[in-house]
Amino acid sequence: MRDPRPDPIEWDMRRHDARKMLGGLAMIAGEPSRRADIALAEGRTVDEICRYANGKAECVIILGRGAGEDVDPRRIGSTVHNVAGRAPGSILLVPNDATADPVPRYRRILVPVDGSAWAESVLPLAVRMARANDAELILVHVVPTPELTEIGPLEPDDIQLRTRVVERNERTANAYLARVKAYLAQNGVHVRTLSHRSDDVRASLVDLIRSEAADLVVLSARGHGGRHHADLRYGSVSAYLMAQSPVPLLIVRPRESETAGLRDESIHLRRPSVGQA
């Protein structure tokens with residue numbers, strides 16, 4: 001039977017090589033005098049990542065969406081999936097084919113909102129990032145087409161009912177976007193809003209990310225759907241964009257500190273309460 005214990009010399013060499021690799025990655029391009037801190041852990045990858053992030057309130061975990069040539073570009077790797085389900089804070093997912101840029105420039109930051117307090121509470125963070133990068137903030141709301149129970153062909157009254165519901169939701173969404181835009185514009189941020197009608201909210205968001213040439217998407221881990229699935233770490237829209245977003249995706253689990261900035265400036269955005277999903 002094979003001895004499960006690693007060879008101590010080989011193990012030490014692997015540690016040395018790993019530390020050397022981390023040291024090279026820690027060098028910030030163009031600024032040799034600045035270095036990032038490095039930490040070398042031993043154990044299961046997901047366990048160690050989550051253990052390191054625990055207790056660090058402002059920690060953002062940055063992960064590539066997948067690894068290896070055999071990874072389906074429409075799916076996320078198992079490490080990303082498990083970290084997203086367990087990590088205590090926010091996660092930045094970078095597509096495998098992302099362009100390497102030593103100094104990333106975010107010119108257009110897209111933020112999907114659905115009118116929920118959870119989705120809205122990522123806005124203070126998005127505003128700070130837009131300010132820091134002198135970027136345009138794009139607020140997007142996709143109005144879904146409601147489903148009607150169909151046993152046979154829809155009657156004209158059914159079609160009219162669905163049309164009235166969609167039109168009502170579009171009016172509400174436009175009024176909501178106008179209100180939020182007015183608040184954010186007071187902070188010197190260039191804000192643009194988009195309201196779009198679609199049968200598939202998730203696919204439409206991916207199309208809008210491409211058509212608007214967004215450089216970054218900032219998204220709450222949960223939106224309206226969290227009211228019905230409070231036990232889930234992230235909702236269906238977040239899960240879809242994790243695999244499909246063509247640009248880096250910052251998934252935020254809102255905290256008190258992330259809403260304090262704008263409230264201090266008399267921008268009264270809502271934030272999730274303890275009992276709200």
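1. Strand S2 (residues 90–94) is mostly covered, with four of its five residues buried. Buried here means under 20% relative accessible area, with over 50% counted as exposed and partly exposed in between (1.4 Å probe, protein chains only). Strands are DSSP runs of E of at least two residues and helices are runs of H or I of at least four, numbered from the N terminus.

2. This is a predicted model, in which local features need pLDDT of at least 70 and side-chain atom pairs count only at pLDDT 80 or more, while totals for chains, interfaces and linings use all residues. Residues are numbered from 1 along each chain as its sequence is written, and side-chain values use heavy atoms, leaving out hydrogens and water.

3. S2 runs parallel to strand S1 (residues 60–64), joined by five bridges; Leu 63 has Leu 93 of S2 as its bridge partner. With strand S7 (residues 249–252), S2 pairs in the antiparallel sense over three bridges, and Ile 91 is partnered with Ile 251 of S7. Pairing requires that DSSP finds at least two bridges between the two strands.

4. Glu 212 sits in the loop between helix H7 (201–211) and strand S6 (216–220). Glu 212 is buried, at a relative accessible area of 17%. Its side chain makes a polar contact with the side chain of Arg 192 (2.9 Å); such a contact is a pair of N or O atoms within 3.5 Å, and within protein one must be able to donate a hydrogen and the other to accept it, with residues adjacent in sequence counting only if both atoms are side-chain atoms.

5. Overall, the protein has nine helices and seven strands. Of its 277 residues, 36% are buried.
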